[in-house]
Amino acid sequence: MKLNFMKYKYFYFLISALFLIPCLFSLVSWSLEPAIDFSGGSILEIKDPDLAVNKNKLEEVVKSQGLEQASIKQSGEGGFILRMKEIDKDKKEEILEEARKEFDQIKEVRFETVGPTIGQELIRKTVVAVLLAAGFILVYLTLRFKDKKYGVCALLAMFHDTFILIGVFSLLGHFFDVKVDTLFVTAVLTILSFSVHDTIVVYDRIRESIRLKPKAEFEDLVNKAVAETLTRSVNNSMTIIFMLLCLYLLGGQTIKWFIFALLVGTILGTYSSTFTAAPLLVVWEDLKAKKE
Amino acid sequence: MKSRQSRKILWFILSLTFICLLIDLPKSLPLKFNLGRIKIDQTISWPQLNFSLGPFKFKRSLEVKKGLDLQGGTHLVLEAEMAGISQEEKETALESARNIVSRRVNLYGVSEPVIQTIRSEGKYRIIVELPGIKNVNQAIDLIGQTAKLDFRELKEDRRASPSAALITDFQPTDLTGANLKKAEVQFSQQTGDPVIGLQFDEQGADKFSEITSRNIDHQLAIFLDDLPLTAPTVKEAITTGQAMISGDFTLDQAKNLAIQLNAGALPVPLKVVEQKTIGATLGEESVKKSLQAGLIGLLMVVLFMIAVYGFLGFLADIALVIYGLITLALYKLIPVTLTLPGIAGFILSVGMAVDSNILIFERMKEERWMGKPLSVAMELGFGRAWDSIKDANLCTLITCFVLFNPFNWGFLNTSGMIRGFALTLALGIGVSLFTGIVVTRTLIRTFYHPREKRPKK
């Protein structure tokens, strides 16, 4: 039995497009919901062991402190998260003091405040980090495979995954108010490396097949390599997905979206190494043949 | 030949595992059980590692260090306002500011604070991490203050007293850090010992000259933040504005004193640009949940491997357990500060550790299908999979490198969270290359002999 994977390469691209287009649309129209890590601002998380805190009352207290833009969200039992523009610790104490007049048992769980310049810097640095890592990987792959098409196609697949991942969070941000923070940046960078990791295994197989049968059709070789690596690819991703799924379902609230990003990214990375990165190579070769 | 070598490796792996196990055990282990008539009720505790080998000092308490997000605490980023400082003195000023921050933090008795300076896009910052401190607000107020340096002389009625002077015996003069231009370590021309040279501005030189002339043979103390730094005795009136403090300083002491004096000479206001305070309970909850989830996930991976690869999978699982033991031991030895992203990095690296084995086993299966005998298939499987494993893991290491930013490049991140993640992931890859290949191969060579016998070579 021989499956001809590459016969349907344009179908795979169509699937990718079906994901890419809504992501692009969402990114262009709604962008991402930045957490205070990026936008600057303050977060105050409080907890009331008596469960007496009433959201409307709390809102009044906060607004009376001149923070009309503050948003208040319930988090677990008796817990509330306040997001507002940047305030310093003295202002925070004032708010807490006011709030304690109403509910005297309130405890401060977490307070974060980030100046606006820090956030801008973080974005710039992340972009630099991505480009730098991509550059290094391109150089490494070109050296190892002695052909630039492998490096370029691996990176295209990598950006395909990253882009969809960011797009998914743009959609989540718009519809479910999910915010991207430093942890999300970490997740994106991880997926970047995972995507390349998975792609290389497939490419490595292609290279080996070429060495064994230098005369064979390139498309057939890619086909063979994909068929040979698919079990490994799926099995390996399953182990990572098991781990992540457990963390997502049972892990703490603070890392929930981080794990979700990793989960989406792992699935994307597994899909793209077989159904994006490999067909891209075939298309590359086809185009080269046509040119000649 | 091969089997003798692999037996040696097996012993090496076994002893390594045992050592790691010892390191991994909690610091004190209550032991309580009945063995027939013998009752055992003891607490075994391990001493902390403490030895020096030539110039290397090695001291570890063998506990996993927890980051602020796990144990609770305050993370502060202070920005130094360098407007009034000339370009060449900015580094000195930052170093002094860092020093004074750490002096103040120590006053609070915070255990294991982290204080580091960071230059980022032309900005000078100090990062302060205070684990588990209660009255954060007070601490921040104190830390953020601009350093205050002044010179104090003995009160009139104390000058004649033969007993050693107390802090309260000194009274302020009009000479302060504002008049001090610079302090630096010099070497005495007579003895070659390290001394501290002080340089005053014009106004300061006048004041200093006046103060020294009326305090000859008396102590003149220098106070930083109202606490005495040093109290040298004036030998003669100094009119040039260039003074020298000599004493039995070691070079380090002299350097340290100069840095602290400079904190007063080059005062930089510090502004809090980022503050994150995490309650201890939130951290505790996260740790517990993440660990629990990690263990369940690990169990699923173990079962999955056995389900798919049978006995081979079981051997890979043993390698995975050894992987876990070595990694934990490394966390304790290096030591790695564990944060939530760090835990995630560890979990991801578990996935990658298993990947090496899956790659190898799939390869073995293929070779077997082609009709090769098991032992050949095994060696070929390892050999052929190695290329993929190497390339794939190296690319991940490259990303880790960029994320960890080991050279503190200003254009890359220096965030502790991202670094923690990169470090645990990179360590995991390193260890997994060892366990996934060396350990698994040795285990298979030793224990895996289904049906057919190994052909002799």
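Residues are numbered from 1 along each chain as its sequence is written, and chains are lettered from A in the order in which they are written. In this predicted model, local features need pLDDT of at least 70, side-chain atom pairs count only at pLDDT 80 or more, and totals for chains, interfaces and linings use all residues.

**Select chain A.** Color by secondary structure. Chain A has 9 helices and 4 strands (DSSP runs numbered from the N terminus: helices are H or I, at least four residues; strands are E, at least two). Its radius of gyration, taken over C-alpha atoms, is 24 Å, well over the 19 Å that the globule rule (2.2 Å times the number of residues to the power 0.38) gives for 292 residues, so chain A is more spread out than a compact globule. Its C-alpha atoms fill a box of roughly 85 × 35 × 30 Å along the principal axes.

The contact takes 55 residues from chain A and 58 from chain B (in contact means C-beta atoms, placed from the backbone, within 7 Å). Now pick helix 7 (280–333) of chain B. Helix 7 gives the most to chain B's side, with 14 residues.

Find A:Phe111: opposite stands B:Thr277.

**Finish at strand 15 (242–245) of chain B**. Strand 12 (194–200) of chain B runs antiparallel to strand 15, joined by 4 bridges. Look for B:Gln199 opposite B:Gln242.

How values were computed: A residue is buried if 20 or more other C-beta atoms lie within 10 Å of its own, exposed if 12 or fewer, and partly exposed in between; C-beta atoms are placed from the backbone. Two strands pair if DSSP finds at least two bridges between them. Two residues are in contact if their C-beta atoms, placed from the backbone, lie within 7 Å.
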